[in-house]
Amino acid sequence: MTDTKRKIMFLNPVGTSVYDQVFADMAARYKLPGSEIHVTSLNPSIGKFTHIEFRAFEAMVTAGIIRATRAASREGFDALAIGCFYDTALHDAREVSHEMVVTAPCLASCRLATNLSNRFGVIVGRQKWVEQMSGTVRDYGFGDACAGFYPVGLGVNDFQADHERTNSLLIQAAERAIEEGHAESIILGCTLEIGFHECLQAQLGVPVIDVSIAALKEAEYAAEMKTMVNWVPSRKWSCEAPREDEITAIGVFDQSDVFGNRIVVGA
């Protein structure tokens, strides 16, 4: 990549800042020189969610994601990554992103996994997640490449309760994906701690993808291509954006206090 500066937002789509520092540490470790990363979370007024593993929770935060996307676009960000493996409101956000690229972890990690292997397995927290996530993977066109979903029986917040136990469960699930599902790469559908995927990768002998890193790196790459070769998002047909006068008349899309927290990882 060139020395062109990139301004990227990593949006943690919940109403608390509890995991923002984890994502900021990830960005500091893996971002490229020249990338300025803003890790943000939503204003607690959207609801003090620490996770959105239920569809009802997703529905409640979707308005916040849309408002955050518009705010980021107006601030001049090149790209935005929605930091949830459900890829919550990805298509909705793209409609209001103007020339800013919008991506999300499931799409980014599936693309990366199929560049690294022919067949990937996905490690997820709970069986509850599988129906929705598997549908998303199929909708993206990666169904044939997916060896399966392997839940470890943990909710989002449970991942942080006992790292030793979580590590053990993730390793067991990944081994099942490889031996039983013949997965050639592994996607970790929930982030535990920065760098854990490297330890797991060394033990398993196959690529292990941390989905938050995948989303950040795809956002960086898209921002670079936008600058270098003028590849900007389409606004034709299914990508058509709402008219600004109609958005203004509706009166709920733009607010001054969209973000509850922001950590800037400088270029």
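Mentor: Before we start, buried means under 20% relative accessible area, exposed over 50%, and partly exposed in between (1.4 Å probe, protein chains only). This is a predicted model, where local features need pLDDT of at least 70, side-chain atom pairs count only at pLDDT 80 or more, and totals for chains, interfaces and linings use all residues. Residues are numbered from 1 along each chain as its sequence is written, and side-chain values use heavy atoms, with hydrogens and water left out.

Trainee: Okay, is cysteine 199 buried or exposed?

Mentor: Take its relative accessibility, which is 53%. The cut-off for exposed is over 50%. So cysteine 199 counts as exposed.

Trainee: How many disulfides are there?

Mentor: We call a pair of cysteine sulfur atoms within 2.5 Å a disulfide. The sulfur of cysteine 106 is 4.2 Å from the closest cysteine sulfur, in cysteine 110, so that's too far for a bond. Cysteine 199 is in no disulfide either, as the nearest cysteine sulfur, that of cysteine 190, is 17 Å away. By this rule the count is zero.

Trainee: And cysteine 106, buried or exposed?

Mentor: Buried needs under 20% relative accessible area. Cysteine 106 has 0%, so cysteine 106 is buried.

Trainee: What span is expected for helix H6, residues 163-179?

Mentor: Helices are DSSP runs (H or I, at least four residues; strands are E, at least two), numbered from the N terminus. The expected span is 1.5 Å times one less than the number of residues, and H6 has 17 residues. From first C-alpha to last, H6 reaches 24 Å, close to the expected 24 Å.
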